[in-house]
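Please look over the sequence and the model shown here.

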Amino acid sequence: MNNPENNVAKSYAIIGFGKIGQALAKAFVRKGIKVSVATTRTPERFAAEAAAIGKEIIPVTLGDAVKADVIFLAVRFESHPDVARALHDWDGKMIIDVTNAYGVPPHKLGGLPSAKFVAQAFTNGKLIKGFNHLGAGILEKDPAVHGGNRVVFLAGDDEDATSEVATLAERLGFAPVKLGKLTDGGLLVQAQGNTWGQLIFQDLIKFKS
């Protein structure tokens, strides 16, 4: 059944403007979709970098970025608590976890998959693991290649939220593949300790049948 909320125009933000954040920003620009971008710097400090990517990129403060409906978390893994503290209650917002916990000892995650650990920080938010399995050099390229579309893997515990992010991925030109919940499919695309998930760095193309 179609959820009426899916038909409401969403606002988007990218928190983090390193290589991955900029790669995501380029994906929005290719499709002419506006997206806010925030970093630890003031908006004026990275306005020139944003403008160089495209007019659709709107530099904002972190406080303004977290007002968006859908937020890409593109910061270093250890910085996610700082982002989470920007709101006391994330109240159903969709957070796309693009972080990778490579090098983080498993015991520091309490035995949880990395995305589950991140999700704990975003009270009442809907966290979807996604867009993290591709390096920035690939992610920034047009996903329409060789007559097909580059795959992005998604995992989340809220099916409606995962489906909405899948729809956004399609708008951005990618072919979304849903892997199930964070404790199942999420394990396939997580980094933890000194190991990578089985699907990390898999640059797959989905062809139309």
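A polar contact is a pair of N or O atoms within 3.5 Å; within protein, one must be able to donate a hydrogen and the other to accept it, and residues adjacent in sequence count only if both atoms are side-chain atoms. The model is predicted, with local features requiring pLDDT of at least 70 and side-chain atom pairs counting only at pLDDT 80 or more, while totals for chains, interfaces and linings use all residues. Residues are numbered from 1 along each chain as its sequence is written, and side-chain values use heavy atoms, with hydrogens and water left out.

Helices (H or I, at least four residues) and strands (E, at least two) are DSSP runs, numbered from the N terminus. Helix H7 covers residues 159-171, 13 residues in total. From its first C-alpha to its last, H7 reaches 18 Å, close to the 18 Å expected at 1.5 Å a residue; the expected span is 1.5 Å times one less than the number of residues. At the start of H7, a side-chain oxygen of aspartate 158 comes to within 3.1 Å of the backbone nitrogen of aspartate 160. Just after the helix, glycine 173 has a positive phi of about 100°. Buried residues of H7 are Ala161, Thr162, Glu164, Val165, Ala166, Leu168 and Ala169, where buried means under 20% relative accessible area, exposed over 50%, and partly exposed in between (1.4 Å probe, protein chains only).

Strand S11 (residues 191-193) contains glutamine 192. Glutamine 192 counts as buried because its relative accessibility is 16%. Leaving aside residues up to four places away in sequence, glutamine 192 touches Ala101, Tyr102, Val104, Pro106, Leu109, Leu112, Pro113 and Ser114; contact means heavy atoms within 4.5 Å.

Phenylalanine 131 sits in the loop between strand S7 (126-130) and helix H6 (136-139). Histidine 146 lies in the loop between strand S8 (144-145) and strand S9 (148-156). Are these residues buried or exposed? Phenylalanine 131 counts as buried because its relative accessibility is 1%, whereas histidine 146, at 72%, counts as exposed.The largest pocket is lined by 18 residues, and those closest to its centre are Ile20, Val75, Val98, Thr99 and Asn100. On a 1 Å grid over the protein atoms alone, a pocket is an open set of points where a 1.4 Å probe fits, with protein on both sides within 12 Å along at least five of seven lines; lining residues have an atom within 4 Å of a point.
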